[in-house]
There are 2 protein chains.
Amino acid sequence: HNGSVFHPGTIVFPAALATAQAIGASGRDLLVAAVAGYEVGIRVGEFLGRSHYKIFHTTGTAGTLAAAAAVGHLLKLNPSQMLHAFGSAGTQSAGLWEFLRDAADSKQLHTAHAASTGLMSAYLAKSGFTGAEHILEGKQGLAAGMSSDSDPSKLIDRLGTRWTIAETSFKYHASCRHTHPAADALLQVMLKQDLKPSDIAKVETLVHQGAIDVLGPVTDPTTVHQSKFSMGTVLAIVAHYQFAGLQEFDQHFHDQDICSFRDRVTMVLDPEVDSAYPQSWIGKVKVYLNNGEVLEGRVDEPKGDPGNTLSRTEITDKAMRLAAFSGGASPSEMSAAIER
Amino acid sequence: HNGSVFHPGTIVFPAALATAQAIGASGRDLLVAAVAGYEVGIRVGEFLGRSHYKIFHTTGTAGTLAAAAAVGHLLKLNPSQMLHAFGSAGTQSAGLWEFLRDAADSKQLHTAHAASTGLMSAYLAKSGFTGAEHILEGKQGLAAGMSSDSDPSKLIDRLGTRWTIAETSFKYHASCRHTHPAADALLQVMLKQDLKPSDIAKVETLVHQGAIDVLGPVTDPTTVHQSKFSMGTVLAIVAHYQFAGLQEFDQHFHDQDICSFRDRVTMVLDPEVDSAYPQSWIGKVKVYLNNGEVLEGRVDEPKGDPGNTLSRTEITDKAMRLAAFSGGASPSEMSAAIER
């Protein structure tokens, strides 16, 4: 979700699915629980603001409350119990970006931690365990400790008429979302001018500060996962394969031509892009050709954003690819599930 | 532990005992693991500093690393694995003081969370799971996110010659440690002058800022647990019973004479006490008598501090009382365990 820079699905669905399975909830209840989890997590992420995201992985921090909301809905918590669940969840909120510098495994730990502590907080509240009533905005609460630009109005912005789940994006490329706007802008230039990677001398991406904070530490990625946080690698793969999917990263992230292209990509802070962020994720690139020409590319909504969403076929293809990649389900099992 | 404002025992022993039991470690290894856990947690707490403790419950945050160190020692992690365990532990560090305002149950949640996430981090590292290498002092690490006065020199202060476990205090009263210096100072005045509670018009406690931050929100405690964070209640119980133990709180925290005394106790920031803190926890009180006299009390080391430690008999008595209170072990079982 753009405005909150928060990945709701990876937190809400594991917690909600596990609970729904455990208590035998209906599919309808599961979906409502997911909507509640998205609403809470996204609003908390927006509330915590950009200063928070500079140091903290919002998916890990806001995620505890998202999971608590989803599970709390399934457990039919009353409002007072739900408040206590939020208190217990928020006081366990954690997740620092420091791991990016070393390509460490913490991103998955953050999501697992958020899902499990949020789930536990809801169960605890159901059993009468209490939490702080003002965990978000209290004097010694989340915002006091982890944000310098928190905005409580975000928590209730058009509550009940605005549905944040409808604002979420589908990822097209299998990389950090901060790389997508520039990747799409580069692709636009290359397709329009029918360029080959070898035509390109260098690419300057014009980005928001958040992209520099998160992607900046990754200069020489040594693992597949880290390469998804390397602006240069993502643009190199897109330039060579028109798409940066799981297979492309696995097979090519360390190829010589990919690394060589990667090292010719830079990031520069752009005032327009930065001030539009995080509501809009504008992609701007300057492409310097070997023949001396300089081309500019721009996309206002990267592929997968609500205004430029994936088609039904693209989403189905993605689901099939993911299942095949992880061996999670056979193509026929997937087709059957999708048809249902 | 005074300098770090960190309760090592409540984190280190549950995690270390569980692991030692699970793998059949020797008593000797368990003790060495506990020493390692104390060293790491205390040094991390000192590193994070006073600004951290204003918002965060250091026992919850530094505690994840303390548990990881203790469990990591038992699992015989090599230095690289231990570093990864610290990375995973630190990126899960959490715990906000906000719960104090509502007398919520989060204090126990923080300690359980720290013990369990630290333990898990050590096991994860043993299995090859990686964490940030500079989780403490990195640009997007713990100190960057949760402290404005962190001091890396604290992490290695006389490492190998200074043993922080020898600096820890035993609690004498069953209340928040921030109440002990003033409680002892009041007791000193009352014993010296042979005063009864009814002789006292009001008590002014001269305290450090941390006491005001943590105890300030608690003005009208509604639960036994919250009353242990009420300076007024603790002083009232000490004035009436010369000792504030588990029984005294349970039976008397809401008695009319206790509440009435409580409301005549105030806290005032004292420059001398504040600048000595947290290395020294000085207790100063002004006792205003009904006859117009004003008496001053002062203790430089509250009872239980290393320089004013509990006697063997006092520690044994405390262990017996705790076991009896919780029904954890019979007096004869306790005696046998203590004799061994």
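This is a predicted model: local features need pLDDT of at least 70, side-chain atom pairs count only at pLDDT 80 or more; totals for chains, interfaces and linings use all residues.
**Figure 1**

**Figure 2. Strands S3 and S4 of chain B.** Strand S3 (residues 283-289) of chain B pairs with S4(B) in the antiparallel sense, and the pairing has six bridges. One residue pair to look for is B:Lys286, which stands opposite B:Glu296 in S4(B).

Figure 3. In chain A, four strands form an open sheet with mixed pairing, in the order S2-S1-S3-S4. Its edges are strand S2 (265-269) and strand S4 (294-299) of chain A; each has a single partner strand, so one side of each is left without a neighbour in the sheet. Strand S3 (residues 283-289) of chain A and S4(A) pair over six bridges in the antiparallel sense. Within S4(A), A:Arg298 stands opposite A:Lys284. Helix H7 (residues 180-193) of chain A lies across strand S1 (200-207), S3 and S4 of chain A, and runs at about 125° to S4(A).

**Figure 4. Helices H2 and H3 of chain A.** Helix H2 (residues 27-55) of chain A and helix H3 (residues 58-74) of chain A have axes that come within 7 Å and cross at roughly 155°. The two helices, H2(A) and H3(A), are therefore roughly antiparallel to each other. The crossing in which H2(A) passes H3(A) is right-handed. The contact of H2(A) with H3(A) has 14 nonpolar, seven polar and one charged residues.

**Figure 5. Helices H3 and H4 of chain A.** How do the directions of H3(A) and H4(A) relate to each other? The axes of H3(A) and helix H4 (residues 79-90) of chain A come within 8 Å and cross at roughly 150°. H3(A) and H4(A) are therefore roughly antiparallel to each other. H3(A) passes H4(A) in a right-handed crossing. From H3(A), the contact is made by A:Thr64, A:Leu65, A:Ala68, A:Ala69, A:Gly72 and A:His73. From H4(A), A:Met82, A:Ala85, A:Phe86, A:Ala89 and A:Gly90 take part. By class, the residues of this contact of H3(A) with H4(A) are seven nonpolar, four polar and no charged.

**Figure 6. Helices H3 and H4 of chain B.** In chain B, the axes of helix H3 (residues 58-74) and helix H4 (residues 79-90) come within 8 Å and cross at roughly 150°. That makes H3(B) roughly antiparallel to H4(B). The crossing of H3(B) past H4(B) is right-handed. Residues of H3(B), among them B:Leu65 and B:His73, meet residues of H4(B) including B:Met82 and B:Phe86. The contact of H3(B) with H4(B) has seven nonpolar, four polar and no charged residues.

**Figure 7. Backbone details.** Most residues other than glycine have a negative phi, and most peptide bonds are trans. This view collects some exceptions. The peptide bond from A:Tyr277 to A:Pro278 is cis, with omega near 5°. A:Pro278 is in the loop between helix H13 (271-276) and S3 of chain A. In chain B, the peptide bond from B:Tyr277 to B:Pro278 is cis, with omega near 5°, and B:Pro278 lies in the loop between helix H13 (271-276) and S3 of chain B. A:Val5, a residue other than glycine, has a positive phi, near 50°. A:Val5 is in the segment before helix H1 (9-23) of chain A.

**Figure 8. The two chains and their axis.** A rotation of 180°, with 0.0 Å of shift along its axis, superposes chain B on chain A with an RMSD of 0.0 Å. That is the relation of a two-fold axis. The same surface serves both copies, since 100% of the contact residues of chain B recur in chain A. Of the residues of chain B, B:Ala94 comes closest to the rotation axis, with its C-alpha at 2.9 Å.

Notes
Residues are numbered from 1 along each chain as its sequence is written. Chains are lettered from A and ligands numbered from 1 in the order in which they are written. Side-chain values use heavy atoms; hydrogens and water are left out. Copies are superposed by least squares on the C-alpha atoms of residues with pLDDT of at least 70 in both. Contact means heavy atoms within 4.5 Å. Axes are lines fitted to C-alpha atoms, for helices over the stretch in contact, and angles run from 0 to 180 degrees between N-to-C directions. Angles under 35 degrees count as roughly parallel, over 145 as roughly antiparallel, 65 to 115 as roughly perpendicular and the rest as oblique. A crossing is left-handed if the near helix is turned anticlockwise from the far one by less than a right angle, and right-handed if clockwise. Ala, Val, Leu, Ile, Met, Phe, Trp, Tyr, Cys and Pro count as nonpolar, Asp, Glu, Lys and Arg as charged, and the others, Gly among them, as polar. Two strands pair if DSSP finds at least two bridges between them.
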